[in-house]
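Me: Hi! Could you walk me through this model with me asking as we go?

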Amino acid sequence: MDSPTIQRLRSEWQALGTAPPSRAAFHRLAESEPVIARLEVGDLAELIAALSLSSNRLSRHEAAAVITAMLRSADVDALIPRAIIQALIPGVLALSRRIDIAGGPWCDLDAFYADAVSALWELTMSWSGASRPYAAGDLLSAVRTRLRTLQASEHRHRSRQSSTPDALDILPAWIGRTGQELLATAIADATGHGLNPTDAAILYATRVLGMSLSEVADLAGIPAHHLRRRRRNAIDRMVA
């Protein structure tokens with residue numbers, strides 16, 4: 001059963017997807033993207049329906065190519081990003097099976113979906129106009145990374161709370177910086193003194209944000225072994 005957030009998206013789309021502005025938006029998109037024009041649909045609602053694997057109209061590869069085209073031309077009409085969100089709802093729902101909801105800052109599944117949709121919207125708007133061959137996967141991977149970062153932050157927060165003796169609760173909070181904050185500052189300083197910004201970003205993502213190399217590789221579109229070498233370069237530069 002859909003959560004309230006997903007239900008609202010679906011209900012909203014029933015009205016938006018078939019309205020006259022949706023037809024106008026689709027025609028603008030089709031004029032920019034031949035792969036979409038060939039689908040011979042009349043509005044964005046029909047386009048999103050065609051992307052569903054249950055429709056048997058497109059293969060996974062063909063559906064992915066359509067999402068890539070939609071993101072590339074998302075700035076031709078304000079409804080295109082909203083259509084991308086609608087197309088990726090199945091992917092958003094799948095995220096809940098890959099992330100431990102109980103281990104994050106979410107009070108329930110709907111709060112998780114609300115954060116996921118918010119991140120997806122922000123990323124879609126930020127990447128609007130970009131040509132990404134694996135747009136659907138890239139967007140969902142980036143959303144997953146953001147959610148796992150939230151989860152890791154919540155886990156660290158709970159760990160600090162559970163490891164602190166009750167007797168210390170009456171003492172003033174320590175105002176010094178954590179090891180992660182010190183490392184982040186050191187990376188920033190080194191970047192200003194010759195450390196390659198890309199190498200610094202990889203080190204920051206894996207050592208400060210707690211992301212795995214595979215997650216960074218998915219997000220950046222760079223093989224993990226290349227990232228591992230660049231991270232080693234950053235570490236060697238900082239300890240030299």
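Reply: Happy to. On the face of helix 2 turned away from its buried side sit the exposed residues Pro20 and Glu31. Exposed means over 50% relative accessible area, buried under 20% and partly exposed in between, with a 1.4 Å probe and protein chains only. This is a predicted model in which local features need pLDDT of at least 70 and side-chain atom pairs count only at pLDDT 80 or more, while totals for chains, interfaces and linings use all residues. Residues are numbered from 1 along each chain as its sequence is written, and side-chain values use heavy atoms, with hydrogens and water left out.

Me: Which residues of helix 2 are buried?
Reply: Ser22, Ala25, Phe26, Leu29 and Ala30.

Me: And why do they line one face?
Reply: Seen down the axis of helix 2, the buried residues fall within an arc of 135°, so they line one face of the helix. The arc is that of the directions from the helix axis to the C-beta atoms.

Me: What do they pack against?
Reply: The buried residues of helix 2 pack against helix 1, helix 3 (34–37), helix 4, helix 5 and helix 6. Contact here means heavy atoms within 4.5 Å.

Me: Switching topic, how many helices and strands does the chain have?
Reply: The chain has 13 helices and zero strands. Helices (H or I, at least four residues) and strands (E, at least two) are DSSP runs, numbered from the N terminus. Of the 240 residues of the chain, 40% count as buried.

Me: Which residues have the most contacts inside the largest nonpolar core?
Reply: Leu44, Leu47, Leu51 and Met70, in a core of 52 residues. Such a core is a set of buried Ala, Val, Leu, Ile, Met, Phe, Trp, Tyr and Cys residues joined through side-chain atoms within 4.5 Å. Its largest share, eight residues, comes from helix 8.

Me: What does Leu44 touch?
Reply: Not counting residues up to four places away in sequence, Leu44 touches Trp13, Gly17, Ser22, Ala25, Phe26, Leu29, Leu79, Ile80 and Ala83.
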